[in-house]
Amino acid sequence: MTTATDHQRMEKIVSLCKRRGFIFQAAEIYGGLNGVWDFGPLGVELKRNLKDYWWRVMVRERDDVVGLDGSILTHRAVLKASGHEDTFSDPMSTCKHCKRLQRADQIWPQIEQSDWYDALAEMFALGRLDTPNLQRWAETKGRRDAPNLAIVRNFPVTLSWLSERLERTGGGAELPMREFVQHLATEQFNQTGLVTPCPHCGGELTEPRPFNLMFRTNMGASGDDETSIAYLRPETAQSIFVQFKNVLDTARKKLPFGIAQIGKAFRNEINPRNYIFRSREFEQMELEYFCAPEDGMRLLDYWLEERLRFYENIGIPRAKLHVLTVPDADRAFYSKGTYDIEYEFPFGVQELEGVAYRTDYDLTQHQNASGKPLEYFDEETKAKFVPHVVEPSAGVDRTVLALICEAFAEETVTDEKGKSETRTVMRFHPRIAPVKVGVFPLLKNKPDLVAKAREVHALLKPHMMTFYDEAGAIGRRYRRQDEAGTPFGLTIDFETLGERGDELRDTVTLRHRDSMQQERVKIADLLGKLLPQVM
């Protein structure tokens, strides 16, 4: 359960992301585009470093994985065969008052996070649900936060059939809290039963109905003709499955082997929420690892451990990660096993990545629908079969958010004069940090210092992302780079120029972000010292 402190932390993170240029609301000058985000100068570098490291460990450092970059526009037949066109939907309810659409499986979690529910839950726990307290709540917090809840809109009528039961049960304490809230949302009990309220205004919700999550478009000059229908892909996986045979023939791989892809996907989420965690446009990092049927469960566990190690190597500790073994009832019908890797976000424990054993479902579906063989011939056993597949599927944007949440820290520091201040610092792992090194001449009005700093900057820039800054006091420049998450700072001072003796000539002050400790390093040794830490 999230707390006020968690909410405050998340608000600070969102504020910093805009202030420092990590993330901006899309089309902000026009009021914003809900569920769509733009990544600023620091955000795009953070995303690039994440994706590059994923590609490095999942493709380049392995002999059994190759890459693919599939198209975003997707043939209708592909998504018909995969089942997306018919079943890729969420049950949705509409509020009869404020007209908002709600995902049916998210209604109660949202209600339980609302301000109006918190006040009721406190009264419920203390046994104070008598008529005077209920009326006081309805006329104050209820009217402000849930104006369309039946008990708020029409207190006497709603209470008339409820009060007797409340009194008989000693204030309603024996009722489950959710059922009690439904009583408050139901103006008059009838054959339709109790009402589930809207999380936003308390109004009555309609019965859930399916809502397709895919973005549909039309291609070519035929306009809205049925033959012109295409979709923006809802996942990157399907292009891997339909190109399986081409990749198999050209890459000359034997089972087990994988096809990896990083790319955009689109889902028409009704309730984008939790900042960039759930968006309508997002990126995925997916691997489809093809194998013989008898190897599926073993490889499922293998890839779980590989993926957990990946997150540790980018700065997310194992202690903050949770592995959920998805129960049979909650798994996709074609899956023989699924793990969800979850992270402790400020807004709760949420999924970062799914690792699923999808069996041979996808290839079989496309083989049957297309009439084209998608089988594998094993030269050793002379057997022909449709391969099974294990899929580690991670969200780029979600992982970026986890990295930001994990890195964000505030601490009180005291300078040499005894003055205390709050330092905001982003403790990114050096290999993920958007900027690796800040380069600072001690004074900008000293041409020799500036020239030497530019020389050091030019030395490092071809090898890593650097930032040159000569504006303001050196302490203020350090603080700016702390907020950007830059792990190292280099200061070019008078010792660098040899003005105070030759012993420190051509050395710089290297400052470490996390400890704020400093050391002298020769300019000639900088690449050898820094590169191993940022790769």
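Me: Helices of at least four residues and strands of at least two are DSSP runs, numbered from the N terminus. Taking the model as a predicted one, where does Gly203 lie?

Reply: Gly203 is in a loop, with helix H10 (177–185) on one side and strand S7 (209–212) on the other.

Me: Why is Gly203 called buried?

Reply: Buried means under 20% relative accessible area. Gly203 has a relative accessible area of 0%, so Gly203 is buried.

Me: Which residues does Gly203 touch, leaving out those up to four places away in sequence?

Reply: Gly203 touches Cys95, His97, Asn148, Leu149, Thr196, Pro197 and Cys198. As for Glu519, 316 residues apart from Gly203 along the chain, its C-alpha atom is separated from that of Gly203 by 63 Å.

Me: How do you know whether Thr507 counts as buried or exposed?

Reply: The relative accessibility of Thr507 is 5%. The cut-off for buried is under 20%, and exposed needs over 50%, so Thr507 counts as buried. Thr507 belongs to strand S23 (residues 507–512). Residues up to four places away in sequence aside, Thr507 touches Thr496, Arg520, Val521, Lys522 and Ile523.

Me: What makes Trp37 and Tyr275 a pair, and of which kind?

Reply: Rings pair if their centres lie within 6.5 Å, and planes over 60 degrees apart count as edge-to-face. The ring centres of Trp37 and Tyr275 are 5.0 Å apart and the planes stand at 80 degrees, so this pair is edge-to-face. The two residues come from distant parts of the chain, 238 residues apart: Trp37 is in strand S2 (residues 37–39), and Tyr275 is in the loop between strand S10 (257–266) and strand S11 (281–291).

Me: How do you know which kind of pair Phe277 and Phe347 form?

Reply: With ring centres 5.6 Å apart and planes at 65 degrees, Phe277 and Phe347 meet both, so the pair is edge-to-face. Phe277 is in the loop between S10 and S11, while Phe347 is in the loop between strand S13 (337–345) and strand S14 (348–359), 70 residues apart. Phe277, with a relative accessible area of 5%, is buried, and Phe347 counts as buried at 11%.

Me: How many aromatic pairs does a search of the whole structure find, and which residues form one aromatic cluster?

Reply: The search finds 20 aromatic pairs. One aromatic cluster is made of Phe241, Phe244, Phe257 and Phe290.

Me: Which residues touch the most other members of the largest nonpolar core?

Reply: Tyr311, Phe345, Leu401, Ile404 and Phe428 do, in a core of 59 residues. Helix H15 (residues 396–407) gives the most to this core, eight residues. Neighbours within four places in sequence aside, Ile404 is in contact with Ile13, Cys17, Ile23, Leu46, Met426 and Phe428. There is also a second, separate core of 27 residues, among them Ile107, Tyr117, Phe124 and Ala138.

Me: What makes a space a cavity and not a pocket?

Reply: In a cavity a 1.4 Å probe fits but cannot get out, whereas a pocket is open. The whole structure holds one cavity of 30 Å³ or more. The largest cavity has about 50 Å³ of space. Its lining divides into four nonpolar, four polar and three charged residues. H17 supplies the largest share of that lining, three residues.

Me: What is the volume of the second largest pocket, and what lines that pocket?

Reply: The volume is about 580 Å³. The lining has 18 residues, of which Asp415, Glu421, Gly475, Arg476 and Arg479 lie nearest the centre. Helix H17 (474–484), strand S18 (408–414) and strand S19 (420–426) each supply at least two lining residues, and H17 has the largest share with five. Eight of the lining residues are charged, five are polar and five are nonpolar.

How values were computed
Residues are numbered from 1 along each chain as its sequence is written. This is a predicted model: local features need pLDDT of at least 70, side-chain atom pairs count only at pLDDT 80 or more; totals for chains, interfaces and linings use all residues. Side-chain values use heavy atoms; hydrogens and water are left out. On a 1 Å grid over the protein atoms alone, a cavity is a set of points where a 1.4 Å probe fits but cannot get out, and a pocket is an open set with protein on both sides within 12 Å along at least five of seven lines; lining residues have an atom within 4 Å of a point. Grid points are joined across faces, edges and corners, and a volume is the space filled by probe spheres set on the points. Ala, Val, Leu, Ile, Met, Phe, Trp, Tyr, Cys and Pro count as nonpolar, Asp, Glu, Lys and Arg as charged, and the others, Gly among them, as polar. A nonpolar core is a set of buried Ala, Val, Leu, Ile, Met, Phe, Trp, Tyr and Cys residues joined through side-chain atoms within 4.5 Å. Buried means under 20% relative accessible area, exposed over 50%, partly exposed in between (1.4 Å probe, protein chains only). Contact means heavy atoms within 4.5 Å. Rings of Phe, Tyr and Trp (its six-membered ring) pair if their centres lie within 6.5 Å; planes under 30 degrees apart count as stacked, over 60 as edge-to-face and the rest as tilted.
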